[in-house]
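Colleague: I am new to reading models like this one. Can we walk through some features together?

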Amino acid sequence: MGHSSVFQYAAVVGASSGMGAEIARQLAATGGRVALVARREAELSALVGEINAGRTEPIAFAYTHDVHCYAEVPALFQNLCRDLGGLDAIFYAAGVMPRITDSEYSFDKDRAMIEVNVLGAIAWLNEAAQRFQAAGKGTIIGISSVAGDRGRRGQPVYCTSKAALDTYLEALRNRVGRSGVRVVTIKPGPVDTPMTKGLDKLPMLVSAPEAARQIIAAAVKGKRVAYVPGKWRPIMAVIRSIPSPIFQKLNL
Ligand SMILES: NC(=O)c1ccc[n+]([C@@H]2O[C@H](COP(=O)([O-])OP(=O)(O)OC[C@H]3O[C@@H](n4cnc5c(N)ncnc54)[C@H](OP(=O)(O)O)[C@@H]3O)[C@@H](O)[C@H]2O)c1
């Protein structure tokens, strides 16, 4: 095993596209073994094939899984840890943000966001927390969003899901931090991925490879909360401090 790998053994949930795919690609490029989890088998096997190309021993492994299948998670988590040979870090990058109009209240879309962005994260990261707490080490990374910092008119439940994820990750950090486990909350601004395809007015848009680079750097440092890119931190501090009656009048 190359000692230069950032994380020797890592799992990425939501690894078939966007930031998760880039995180998996970049971790493998440092020599780490990676488990890739998502629903789309074709995308996953293409990426695993790309990473393993030209190697005598594979370092990337694909697991087709829908995070709605919460009951599958404990066994799948154990399987992928066994296949990898260990686990140093888990990235929860799965997420959905269905398009909604200003007057739309679709419970089906709302439920999907809570199920994937929140419940899936809890199902996966509870498993990792138990394993890492017993080991006295490990890094848990959750991809949240700047969207969790305020309730916005455009995406009520997406914002809610990310605020819930932020709070869960903070509580997890406070619980397992004493055992030497790190919990990193990543709060990206707009990133150029399939999730944002076709959306306009995306301020300070960054590429998925650049976001992944910054996410991995924050994970390695064991930061508590990392905005991606970092200039969102002071901007969101200002946005969070806007009183509610004023925020209601703004188009943010
Ligand atoms: N793009 C942005 O501007 C932005 C900004 C802030 C935060 N984020 C967050 O960043 C994370 C990654 O998003 P992205 O922008 O990289 O979008 P993306 O390319 O759409 O990636 C989303 C990933 O989640 C997986 N996923 C969705 N539903 C799933 C399910 N039911 N079961 C298993 N996996 C599922 C997808 O895989 P399958 O479809 O194959 O299952 C895919 O790998 C999300 O949590 C998103 O909310 C994005």
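Modeller: Start with a salt bridge. This is a predicted model. D108 forms a salt bridge with R111, and their closest N and O atoms are 3.7 Å apart.

Colleague: By how many residues are D108 and R111 separated in helix α4?

Modeller: They are 3 residues apart, so about one helical turn lies between them. D108 counts as exposed, at 55% relative accessibility. R111 counts as partly exposed, at 40%.

Colleague: Which salt bridge links distant parts of the chain?

Modeller: Look at R240 and D149. Their closest N and O atoms are 3.0 Å apart. R240 sits in helix α7, D149 in the loop between β5 and α5, and 91 residues separate the two.

Colleague: Is D149 buried or exposed?

Modeller: D149 has a relative accessible area of 13%, so it is buried, as the cut-off is under 20%. R240 is partly exposed, at 41%.

Colleague: How do I describe two packed helices?

Modeller: Use the angle between their axes and the distance between the axes. Here, the axes of α4 (residues 107-135) and α5 (residues 156-176) come within 9 Å and cross at roughly 10°. The helices are therefore roughly parallel. Residues in the contact include M113, I114 and L125 of α4, and L165, L169 and L172 of α5.

Colleague: Which residues form a nonpolar patch on the surface?

Modeller: I246, L250 and L252 do, with about 230 Å² of accessible area together. I246 lies in helix α8. I246 is partly exposed, with a relative accessible area of 45%.

Technical notes
Residues numbered from 1 in each chain as written. Predicted model: local features only at pLDDT ≥ 70, side-chain atom pairs only at ≥ 80, totals over all residues. Heavy atoms only, no water. Patch = residues over 30% accessible without salt bridge, like charges linked within 9 Å, V, L, I, M, F, W, Y side chains within 5 Å. Areas by Shrake-Rupley, 256 points an atom, 1.4 Å probe, with all protein chains shown as cover. Salt bridge = Lys/Arg side-chain N within 4 Å of Asp/Glu carboxyl O. Helix = DSSP H or I, 4+ residues; strand = E, 2+ residues; numbered from the N terminus. Buried < 20%, exposed > 50% of the residue type's maximum accessible area, 1.4 Å probe, protein only. Axes fitted to C-alpha atoms, helices over the stretch in contact; angles between N-to-C directions. Parallel < 35°, antiparallel > 145°, perpendicular 65-115°, else oblique. Contact = heavy atoms within 4.5 Å.
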